[in-house]
Every structure is written in structure tokens, then in C-alpha cells.
Amino acid sequence: MKSRFKHLGLGIMLSLFALPLALNVVSAQTADVPREDTVIFDIDATSIASPTNFNDLVPGTNKNQGAHQAMWEPLFILNYETGKIDPYLGTAFTPNDKQDVWTLKLHDGIKWSDGVAFTSDDVVFTIQLLLDDKTKTLDNAANMQHWVKSVKKIDDTTVEFDLNLPNPRFQLDYFSVRIWGGLTIKPKHIWEGQDPTTFTFYDTAKGWPIGTGPYKLTSASPEQFVWDEDPNWWGAAAGFHALPEPKRLIWVVAGSETNKALLMSNHQLDSAMNITLGTLQAVQAKNPNAVAWVKDAPYSFADPCPRELEFNTEDPVWKDANLRKAVSLIIDRNQNIAIAYQGTTTPSTTMFVSYPGMNPFIDAITKAGEANDVVAHVEDGQKLIEAAGYAKNGSGIYEKDGKTLDVAIMVGNDTQEYVLSTNEIVEQLQQAGINASSNPVNGATGQNARQTGNYQAEWAWNTCGSVSEPWNSMNQLNVSYYKPAGEIATANYGRWNTDGAKAYSAIVDKMGSLPLGDASIPDLVAQAYKYIADETPIIPLVQAEKIVPFDTTYWTNWPTSDNAYIVPTTWWQNTFVILFNLHKAKPA
Amino acid sequence: MRGITLNYFLRRLGIFFLTIWIAGTIIWLIPHLAPGDPISAMVARLASRSGFVENSAEIIQGWKERFGLNDSLPVQYVRYLGNLVHLDFGYSMANFPTPVSELINQALPWTIGLLLIATMITFVLGNFLGAIMVWRRTPRMIKYLIPVGMMFTSLPSILAALFLAYVFSFLLNWFPLIGSYDMGMKPGLNGPFILSVIQHGTLPALSIVIVSFGYWTLGMRGMMITVEGEDYMSLARAKGLGPFYMLYRYMVRNAILPQITAFAITLGTLISGQVLVEYAFSYQGMGTVIYNAILNQDYPVIQGTSFILIVVTALAVLIIDLIYPLIDPRISYGAK
């Protein structure tokens with residue numbers, strides 16, 4: 001009897017263990033595109049709650065599940081490495097001398113994936129849709145209504161935009177994937193007559209969604225999106241580019257960093273979004289084929305939004321520019337990088353990202369002596385605090401009229417980097433005698449506090465925007481955005497509104513009217529930056545780092561610093577360029 | 001009905017609706033008390049991905065108008081109650097234009113499929129082990145082994161999930177690490193897909209089972225000890241009844257009643273999902289929907305999911321209350 005039970009137990013155990021192995025075989029057999037023809041990307045989300053919504057005119061709709069990397073092609077792509085705007089669906093976008101009439105020329109032979117021709121009618125329809133949105137709730141509706149007076153078709157491949165105001169950056173800001181993505185054109189033959197706020201653009205029976213890209217959607221779920229190559233892609237037929245080598249693209253919600261590491265170690269993930277140094281090293285220990293942007297430290301590529309400390313310049317204490325300047329002097333950027341970033345980024349000397357296209361402006365500021373030092377000058381900072389009437393109390397904290405010198409630094413609580421960097425800065429400030437504290441908040445709370453001016457200081461990147469010209473970032477501090485505390489501000493959250501701010505804004509406004517690449521811009525940048533250096537409404541800290549690993553087991557020629565044909569952001573719309581450049585590591 | 005008067009039934013029904021109304025009001029109030037709002041959260045998300053959102057004030061104003069967030073709180077509350085009566089939770093603010101019901105319909109089957117099976121296994125296993133821990137005929141070695149196995153109960157489910165993922169997915173490669181079905185597979189009612197779902201659900205289910213069965217085991221053990229000391233057990237033994245018969249008819253049946261009550265309540269809360277387990281395995285389910293809704297202050301989704309949770313839990317308790325007299329003849333409500 002005992003023996004019978006023993007054998008039965010053994011049999012059950014074996015069956016249980018054999019089951020997954022059997023299932024593995026079944027699953028492998030169901031895959032109709034081999035792994036070596038498939039590229040697997042990671043989606044940076046816990047899930048895509050509405051996988052069948054492809055209406056990206058509604059702000060917040062997910063596009064980085066493959067929609068704007070494989071299906072919705074941009075008109076142009078800004079290449080950070082060269083600083084040039086490369087043609088894509090558009091071949092040229094040229095302004096008149098006044099920069100208030102722009103003419104777009106489209107590539108010949110573009111077709112939607114359902115075979116209908118992509119023409120200037122689609123462009124005009126999309127822009128008109130945004131101009132007609134009286135609620136201004138559609139994505140880019142407010143922007144288009146601000147800039148565009150009218151849009152008209154000249155011929156099938158030519159569109160003319162008549163602007164309300166001169167705008168030298170019209171192409172750059174809205175149609176060239178300046179950061180993350182650009183305005184995507186809608187197929188008129190499908191969208192016409194639809195309610196643009198509730199239309200989901202998804203119907204498998206009708207083959208929706210469609211785009212002009214080389215891949216079509218095969219399946220969508222909250223956890224994975226499958227895109228298969230379209231052999232009839234217009235680009236190959238029109239001689240724009242050969243079909244990319246990958247036959248199938250999958251975007252999956254890999255989830256935690258641990259999952260990303262385990263998947264990449266087992267060659268089940270080809271591209272992961274932003275992991276930490278420890279995770280990269282763990283992956284590389286198991287998978288020597290895993291590579292990052294840079295081979296050695298700092299491993300990362302610079303995201304366009306450098307990190308900075310931003311003050312509410314109307315705070316009763318921190319309205320004193322000398323106190324803000326003291327904080328800037330006290331902070332040791334290198335120490336922050338060593339501790340909070342494990343050496344994976346570089347310090348900022350200005351508010352700008354260190355891309356090649358930004359170098360002329362960074363150099364102009366440096367030459368003018370307005371760049372901040374990256375090492376600390378604690379004693380100089382303390383002298384400024386003491387000059388403001390503060391003295392250290394028994395606890396080593398500065399105090400004036402019985403009140404300690406406090407600063408609560410608001411920071412987003414959703415990413416380890418943000419909190420670690422802030423905590424390290426808090427530590428530095430406390431050691432210097434400032435009673436600093438970290439105030440981690442969620443996105444909604446932070447946005448509300450920022451917009452209404454209900455904070456003292458914030459670790460953030462609210463002047464993000466410039467990647468190849470300086471105006472976009474500098475304009476974020478423009479006094480034209482000033483709102484009194486309590487009212488909603490949409491930029492200049494720190495309420496910088498002094499005489500210096502006004503002088504700064506006048507220079508920035510002048511700069512904004514000049515054509516891109518105008519020779520006088522670097523000098524104007526240096527002149528304006530003097531006010532930032534003097535009044536310190538923001539304190540540049542470090543460049544934003546992102547470690548983006550790729551597995552070269554199945555696919556090679558991923559973008560790296562040695563092969564920098566484009567930035568390695570596979571969640572951006574410039575992923576098309578990466579897809580065109582990938583090569584199979586194991587040809588069939 | 002046996003053991004229940006009409007008066008008791010109506011009173012109990014009244015409490016059921018009162019509970020739902022109070023809970024429904026609380027789930028409306030709490031998100032509104034938190035600083036921020038869903039539209040600001042949406043703009044914050046946009047800003048985090050593209051650096052800066054131009055004209056965000058107009059976007060915020062337009063969407064607040066559309067969702068009625070500019071109306072006074074009493075107006076919003078009355079509208080909310082009206083919608084609840086029609087079970088209309090409206091659109092998700094974070095995933096507009098997706099209706100809340102679509103988000104729930106999408107996630108609920110996965111959660112029920114995973115958690116119902118895991119909870120039933122946990123219930124049966126836990127109670128079985130709790131029973132045999134007290135039963136005199138159980139071999140001593142098993143009595144020692146069960147408490148050792150219960151050490152897992154003190155683990156958080158996320159750690160159990162990580163442990164199982166590392167061993168069975170990464171090292172042994174027996175089970176997939178993430179997702180509800182294979183990468184690249186097209187969902188459908190066919191053998192390979194169903195097998196893939198089972199395969200993908202095994203580790204999440206196991207990580208729930210190994211950290212939860214101990215609660216049932218301990219509860220059952222306590223009840224069994226109480227039952228074993230009853231006079232009728234001495235009488236049964238004196239009558240020479242068989243040990244299996246005594247275990248099932250005398251001990252387990254009497255000890256299991258409170259466990260069934262707890263089980264019903266557990267079933268009611270199933271739909272809230274297992275956030276950490278779902279996160280660990282990137283499994284699509286209600287836990288993730290609720291977590292994201294809270295993160296984005298998505299009022300309609302928070303309210304819709306919580307409301308369903310409340311109704312199901314209250315309904316489970318109501319049903320248990322009403323059927324108790326049927327399960328245990330000693331219980332009667334209001335009967336003279």
C-alpha cells in the first residue's frame with residue numbers, strides 16, 4: 001500500500017513538472033514568425049489600459065506601444081547627433097523671409113497601408129481638424145490655433161501654412177520629432193465625419209488602425225502589441241528606403257527592472273527602456289551580447305531634459321536671489337552624480353542638454369563667465385547666507401529671527417532617480433546648514449502645486465525643450481508666462497518676474513524671432529543667461545541619464561555612441577531610423 | 001425560508017443598500033480630498049514624456065469642462081449617484097475615450113481566472129492541512145512538515161513571486177516570466193492559446209497559494225482543536241466510529257463554517273486583483289487597473305472598480321447571512 005502511494009506521488013510530481021515542458025513545445029509551435037526575425041521591445045508602463053484606442057488626438061493616448069515607432073511615420077526627424085532635420089514623409093518645409101508662411105513638400109508615392117494615397121488632403125484635413133476644435137482639448141489643437149491662420153492644399157504633394165505670427169521653429173517644434181514624437185497626420189478617408197474626441201480608430205474588421213509605416217498592427221492587448229511587416233509599404237516601392245529586415249516587432253510590458261534584466265539575460269528582450277547601472281552590469285554578466293550607448297562609464301545617453309533645482313521665486317524666504325545663489329554654490333554636482341547616479345551621468349554647467357547642436361550656445365555662456373561650476377564652493381555659499389542675516393544655531397542650522405532656513409524640495413515619487421538625487425542634495429544642504437527636506441509627490445499633486453506656485457523648490461526639468469536651438473528652453477522662464485500664486489501658470493512656474501526677468505525675456509523674445517541658425521543667437525544667449533546666473537531662478541544640476549541596453553544576439557547595428565546614427569530612444573518616433581538600420585545577427 | 005423572517009430579510013436588505021450608499025459616498029469623497037486632479041495628472045504624464053506641454057492651461061480647462069470637474073462638488077456628487085443607479089461609470093479620464101466598463105471587462109476575466117483558481121486551491125489545501133494537523137491519525141512527520149511549509153506565509157507575495165520567477169522561469173526556464181500568454185500569440189479560444197494561458201498563470205497562482213494557504217491552515221487548525229474537545233467527539237469515539245468518518249462528518253463539517261464565511265468574503269474581494277503579483281509577472285488584471293487609476297487620480301475608474309468591489313463583497317456577506325440557517329440548523333434569525 002505504502003509503495004503504491006509512493007509511486008502515485010512520484011507520478012503526480014513528474015506529471016506536474018512535465019506539463020510546462022510540454023506546454024513550451026506547444027507554444028513554440030504556435031509562433032508563425034521565428035524569433036530570429038522578431039525584435040522585442042519593452043514598453044515602460046505597468047500595462048496599456050486601453051489597447052484598442054488609437055486616437056492620439058486625445059492627449060494621453062499611448063503611442064509608444066509601436067504605433068508611432070512602426071506605423072505612424074513622421075513628416076521629418078530631427079537628428080540630435082547632426083543637429084539636422086532629416087526628411088521623411090516630407091521632403092522640404094520652407095518658410096518665407098518673414099517666417100510666417102511655411103510650405104510643406106511631401107514625398108511622391110506615399111500610400112496608407114490600406115492602399116489609399118497619402119496626399120496633401122490628409123495634411124490639410126488633420127490641421128483643419130485641430131483648427132476647428134473650439135474646445136482646444138485635442139492634442140496640439142491649442143498650439144495650431146495659436147500659430148496657424150489657415151492651411152491650404154497647393155497640389156497633391158504641396159501644402160501651405162499661413163501663420164498668425166512669424167515662427168522660425170514651426171517645423172522643428174511640431175513636425176520633426178523634436179522630443180518623443182511629432183504631430184501625426186490622419187487619413188482623411190477614415191477620419192472624416194468621425195467625432196475626433198471619441199473615435200478610437202480601431203476596428204479589426206476594417207483593418208484599423210492604419211498608418212503609412214512599414215508595419216501593420218496584428219494584435220493588441222494590455223500587455224503586448226504585435227506588428228507585422230507590410231510587404232506593400234510605400235517606402236520600398238517609391239525608393240525611399242528598403243523594407244526593414246525585422247519581419248515582426250513586439251512591444252511588451254516587461255514590468256519591473258528585475259523582469260527586464262531576466263528577460264534580456266535570456267535573450268527574450270532585445271531593447272529595454274532605461275535601467276540602472278547595477279541592472280546593466282547584472283545583464284552583461286549573464287549576456288555578453290548586451291550593449292549600452294557607451295561601452296564604459298557613464299554608459300548612458302543624455303535624455304533631452306537636464307535635471308535642475310527650481311525655486312518659487314515668490315516664496316517669502318527664497319525670493320532672495322542671493323540665497324538661491326548660495327544653494328547653487330553649495331551643491332557639488334560631481335558628488336550628486338557619484339552617489340545618486342553611480343557615475344552614470346555628467347554635470348550640467350548651463351540649463352542646456354549637452355548635444356552637439358547645443359554646443360555653440362553652451363560655449364557662448366561659458367565664454368561669458370556665466371556657466372555654473374560643477375564643484376561645490378560651500379564657504380562662498382555660506383557667506384552669502386550669513387550676509388542675508390542668518391547665523392548657525394546650536395544644531396548647525398542657519399537661523400534668522402528665530403526661524404530656521406528651511407527648504408522643502410518637491411520631487412516626483414515615481415522614479416528612483418528623482419528621489420535619490422533629491423535626497424543626496426538634501427544631505428549636502430543640511431551639512432552646509434540649510435534645513436532642507438525632500439517632499440516626494442505623485443504626478444497630479446506635483447503638477448497642481450507647480451502650476452499654482454504652491455511649493456518652495458522643486459527637483460525637476462521644467463525648462464526642457466531645447467535640443468538644437470536655445471529659445472525653447474529659455475522661453476520657459478519668460479515673464480509672459482507669469483501668473484500670481486494661486487493662478488494656473490503653464491510655464492515660468494517659479495514666478496520669476498523681477499526687472500532682471502523682464503530684461504531677460506526681452507532678449508529671449510528677440511531671439512525667438514530670428515531664423516534658426518542666425519549668427520547673432522549665441523551672443524544673445526550669453527546676454528540673457530547673465531540674468532539667470534545673477535538671479536538663479538533655476539540651478540542646473542546634472543544631465544539626464546538613460547541607460548538603454550540592447551541585445552545583439554539576434555539583431556545588430558543598434559545605435560551607440562560609436563555608431564551614433566540616431567539617439568537610442570526606442571520609445572520615440574525616430575525608432576523608424578533604428579528599424580531601417582537593424583541587421584540580422586544570424587542570417588537564415 | 002427556514003430560520004429567516006420577512007422582517008429580518010427586509011432589514012438585512014436595507015443594511016445592504018445602506019452599506020453600498022455609504023461606501024459609494026466614501027469612494028467618491030476620498031479621491032476628491034486628495035490634492036491634484038485627473039487632468040493635471042494627465043498633463044504631468046505628457047510633460048514627463050515630452051518635456052513641456054504648450055498651452056496646458058487651455059487643455060486642462062477644456063477637459064475639466066468636458067468631464068464636469070468645474071461643477072460644484074454637490075452637483076458632481078448627485079450626478080455620480082445618478083450614474084451609479086444606472087451602473088454607468090462613464091469614461092476613464094486617463095484613457096479617454098475608453099469607457100470604464102471596457103477597462104473592467106478587459107481585466108476582470110483575467111483576474112477572476114487567476115484568483116478564483118488560486119483562492120480555491122488555497123482554501124482547499126489550507127483547510128485540508130489545518131484538519132490533518134489536528135487529526136490523531138496523521139503521521140507525525142507530516143505534522144512537523146506542515147508548519148515548515150507555512151513559513152512561506154510570512155513572505156510578502158511579491159517576494160514569493162520573485163523567488164518563483166527566478167527559480168522556475170530564469171534558472172529552469174519551465175515557465176514564462178511575463179504576460180498572460182506567449183509573446184506574438186493571437187488571443188483566441190483554441191487549444192494552444194488556452195494552454196499558454198495556463199502556463200503563464202501557473203507562477204502567479206503559485207505565488208498567491210504559497211503565501212496564503214497558511215491563514216486557512218491556522219484557522220482550520222484552531223477550529224478543529226475546539227471541535228475535538230466537544231462532548232460529541234468523545235461520544236463518537238466511545239461508539240467506535242471510524243476515524244475517517246469522524247474526521248469528515250464530526251470534525252471538518254463543524255469546523256468549516258467560519259472558514260466558509262471567510263471564503264465568501266475573500267471571493268468578494270477577488271475582483272480587486274493582486275497588484276504586486278500582477279506587477280511582478282506583468283499580468284493583466286484588475287489590480288493593475290486599480291493601481292493605475294489611483295496613480296492617475298482617474299476618478300471614474302477608481303469609483304467604478306471600487307463600487308463593484310463593494311457590491312460584490314456586500315452581496316457575498318448578504319448571501320452568507322441568508323443561507324447560514326440552511327448550512328447550520330442551530331442558527332435562526334428572528335424566528336420565534
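Analyst: Two residues are in contact here if their C-beta atoms, placed from the backbone, lie within 7 Å. On that basis, 64 residues of chain A meet 64 residues of chain B. The chain A side of this contact holds 27 nonpolar, 34 polar and three charged residues, where Ala, Val, Leu, Ile, Met, Phe, Trp, Tyr, Cys and Pro count as nonpolar, Asp, Glu, Lys and Arg as charged, and the others, Gly among them, as polar.

The model is predicted: local features need pLDDT of at least 70, side-chain atom pairs count only at pLDDT 80 or more, and totals for chains, interfaces and linings use all residues. Residues are numbered from 1 along each chain as its sequence is written, and chains are lettered from A and ligands numbered from 1 in the order in which they are written. For the complex, the predictor gives an ipTM of 0.79 and a pTM of 0.87.

Chain B contains 13 helices and zero strands; helices (H or I, at least four residues) and strands (E, at least two) are DSSP runs, numbered from the N terminus. The C-alpha trace of chain B spans about 85 × 60 × 40 Å along its principal axes. Of the 336 residues in chain B, 40% are buried; a residue is buried if 20 or more other C-beta atoms lie within 10 Å of its own, exposed if 12 or fewer, and partly exposed in between, with C-beta atoms placed from the backbone. Where contacts in chain B link residues at least 6 apart in sequence, 73% join residues at least 24 apart.

The chain B average is 85, and 96% of the residues score at least 70.

Helix α3 of chain B covers residues 56-67, twelve in number, and its first and last C-alpha atoms are 16 Å apart. That reach is close to the expected 16 Å, the expected span being 1.5 Å times one less than the number of residues. Its buried residues are B:Ser56, B:Ile59, B:Ile60, B:Gly62 and B:Trp63. They lie on the same side of α3(B), because they cover an arc of only 165° around the axis; the arc is that of the directions from the helix axis to the C-beta atoms. An α-helix has 3.6 residues a turn, so residues three or four places apart point the same way. Just beyond α3(B), B:Gly68 has a positive phi of about 75°.

Other local details in chain B complete its picture. The peptide bond from B:Phe96 to B:Pro97 is cis, with omega near 5°, and B:Pro97 sits in the loop between α4 (73-85) and α5 (100-134) of chain B. B:Thr266 belongs to helix α10 (residues 243-269) of chain B. B:Thr266 counts as partly exposed because it has 19 C-beta neighbours inside 10 Å. B:Thr266 and B:Ala316 are 50 residues apart along the chain, with 9.0 Å between their C-alpha atoms.

Chain A, the partner, includes strands. Five of the seven residues of strand β16 (residues 406-412) of chain A are buried. Seven bridges connect β16(A) with strand β17 (residues 435-441) of chain A in a parallel arrangement; two strands pair if DSSP finds at least two bridges between them. Within that pair, A:Val407 has A:Ala436 of β17(A) as its bridge partner. Elsewhere in chain A, an open antiparallel sheet has three strands in the order β13-β14-β15. Its edge strands, β13 (391-392) and β15 (403-404) of chain A, each pair on one side only.

A:Leu249 lies in strand β10 (residues 248-252) of chain A and counts as buried because it has 28 C-beta neighbours inside 10 Å. Leaving aside residues up to four places away in sequence, A:Leu249 touches A:Val39, A:Phe41, A:Gly66, A:Ala70, A:Tyr215 and A:Trp227. Chain A also has a cis peptide bond, between A:Trp208 and A:Pro209, with omega about 5°. A:Pro209 is placed in the loop between α6 (188-191) and β8 (215-220) of chain A.

Terms used: pLDDT is the predictor's confidence in each residue, from 0 to 100.
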